[in-house]
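Trainee: I am new to this one. Please walk me through the terms as we go.

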Amino acid sequence: MRTDISKIHEKTRYQDITPGNQVYGGGTSKAFNTGEWRTATPVIDESKCVHCLLCAPVCPDSCIPVISGKRLAFDLDHCKGCGICAYQCKFGAITMKEGK
Amino acid sequence: MGIRERLSGNEAVAHAIKQINPDVMPAFPITPSTEIPQFVSTFISNGEIDTEFIPVESEHSAMSAAIGAEAAGCRTLTATSSCGMALMWEELYVAASNRLPLALALVNRALSGPININCDHSDSMGARDTGWIQIYAENNQEVYDNFVQAYRIAEHKDVRLPIMVCQDGFITSHAVENIELIETDQVKKFVGEYEPEQYLLNPKMPMAMGPYATSPFYMETKMAQNEAMKNAKKVILDVADEFARMTGRQYGFFEEYRLEDADYAIVMIGSAAGTTKDAIDELRNQGKKVGLLKLRVFRPFPGDEIAKALSHTKAVAILDRSEGFRAGGGPLSAEIKEHFYDAGLTTKAVSYIYGLGGRDYTVDEAKQVYAELEDMIENGTKLPQYRYIGLRK
Amino acid sequence: MKDTIEIRWHGRGGQGAKTAALLLADVAFKTGKYVQGFPEYGPERMGAPITAYNRISSDPIRVHSNIYTPLYVVVVDESLIESVDVTAGLKEDGAIVVNTPKSADEIRPHLNGYKGKVYTLDAREISMQTLGKNFPNSPMLAAIVAVSGIMEKDAFLADMRVSYKHKFAKKPEVIEGNMKALELAFAEVTK
């Protein structure tokens, strides 16, 4: 069975749609650049950030990578700019800037 | 060689399930289908099969769990009736649109209200547009044979749709009749193992099932689903032929009983067809040219084939065992008349409603229907196009 | 289907009329016949009048309606005669079998002028004697087999012994009592 879904898009004819729209292959949302949708962008002030890591778990799009107890830069390919990270930051380290 | 037995319809389905030994059965009891999960759970506790039985808290959950199990890659089934099926409503569509070939042993019972436990087809007819394949039976033998064929049809790669194997509540489900069973090893060989190409618990190919589809995708997806239903027609006939080679019992979309040269025909579904056959034999002995088309497969609907089989008749009575509440007849009559029109037929077709809520349908009533058709054609008597059989008025 | 024997059972919920109808279907099946055994279901409760049916034929049975003109009627509970029209449609060349200590002559006036054969059987007494409890359906089953002649006595008893051995595998002590009940019923109804 055909499992390559990379060619399926909004112009695909019905014969080429997967049965029940099944999506094959894991982690396919990575390829979807939802960062395009952003109208406001989070900006981190490294001097205020204490790496309490409260921002990472509340991000609905998993755009705050954490490695070895330190938060890294925002994944702006997928951040939709919702601002939840900035809202919850107790140290004023994250602010929302208008635009991409 | 077949095994001569006597079983009720529910016992017959349970026996087929035992022979197939599916992977998972979530179920919630409701009359008159309760015996099916009851028998199956007994087989399991006796160690006769290793099906995983999931006792759930409602039919909504039963169908949800069945969908989950089937999506995971398991051969799955459940059983229900009437309001139980109504509670599965939302999930019926999910099962079909996600292209999950699970089986539902449906024991037809009237929907409330008034609340009633007896047979009519309002439950499955209400679900006729959910995208499930629907196969009906006249007797215990047929519901057993249909169940043995069910997974072969549903799981076929060109189909992959859920299948409803229907029988008439109490009339066949609780009636003990003669039956010829198939040897278990033959059933197992015929049905085979379930090997889905893609399934959720496959570590080699992670996948997502049931995603949101935006407008640019939705219609194409539904059309693809409809193609699967079209494909089911060929698969149903192929599986029936293979089944006939194994058992000598030949099935198709419908059975034609003394229809070939008939002037007057009844079209109907289910157990009452046998009663009509007895009426036909009596009338044939009096020289009346009468016949029957007993529909086995309602979804996919073999409309063109039905129109062709009836094209030589002078008049047809279409008997529905459920109300359509379009103030003009039941679903079977509506669909057949549509295909008559497409086929350019001008055959007189009269819609009848019979047997609601377990109302008996007798040989004499069948004879009366034929007499009414004949009177309409021979004497020009006007016949209302929408009639009830056995109604007090 | 001219040679089809149609039988209607009248009982009360819980007395085993449905079970008796299914057992009769079993018995007839073993003689090589085509059979039907089915109950008429309503919102049943213990004690409510119920009806069950049998068809027995040499040819496959296709009809799926209830039975309106039976050849035989079996009344498992005598009190039903007052409330249910047990002889409705019963053929005059057939027979009715009633569970009662009364004689056929005493019962006949209560049967709406039925002119066919009337058999009575004290199934309660037989059951109490042989089983110590009131299970009227075994004696009534033997009675209808005897009256209808669908099976020879010896073959019937041999078959029933096999059935009981299977059914009462966990309490074999009741098998002899049940067998005795069948024999007594067979003898009493045909005398």
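Mentor: Start with the lining of the largest cavity: twelve nonpolar, two polar and two charged residues. This is a predicted model, where local features need pLDDT of at least 70, side-chain atom pairs count only at pLDDT 80 or more, and totals for chains, interfaces and linings use all residues. Residues are numbered from 1 along each chain as its sequence is written, chains are lettered from A and ligands numbered from 1 in the order in which they are written, and side-chain values use heavy atoms, without hydrogens and water.

Trainee: What makes a residue count as nonpolar, polar or charged?

Mentor: Ala, Val, Leu, Ile, Met, Phe, Trp, Tyr, Cys and Pro are nonpolar; Asp, Glu, Lys and Arg are charged; the others, Gly among them, are polar.

Trainee: Which residues lie closest to the centre of the largest cavity?

Mentor: Of 16 lining residues, they are Cys59(A), Cys79(A), Cys82(A), Gly83(A) and Cys85(A). By the class rule, Cys is nonpolar and Gly polar. The volume is about 110 Å³.

Trainee: Why is it called a cavity?

Mentor: Because on a 1 Å grid over the protein atoms alone, a 1.4 Å probe fits at its points but cannot get out; lining residues have an atom within 4 Å of a point. Volume is the space filled by probe spheres set on the points, which are joined across faces, edges and corners.

Trainee: What lines the second largest cavity?

Mentor: It has 13 lining residues, with Cys49(A), Cys52(A), Cys55(A), Cys89(A) and Ala93(A) nearest its centre. The lining holds ten nonpolar, two polar and one charged.

Terms used:
1 Å grid on protein atoms, 1.4 Å probe; cavity = no way out; pocket = protein on both sides within 12 Å on 5 of 7 lines; lining within 4 Å.
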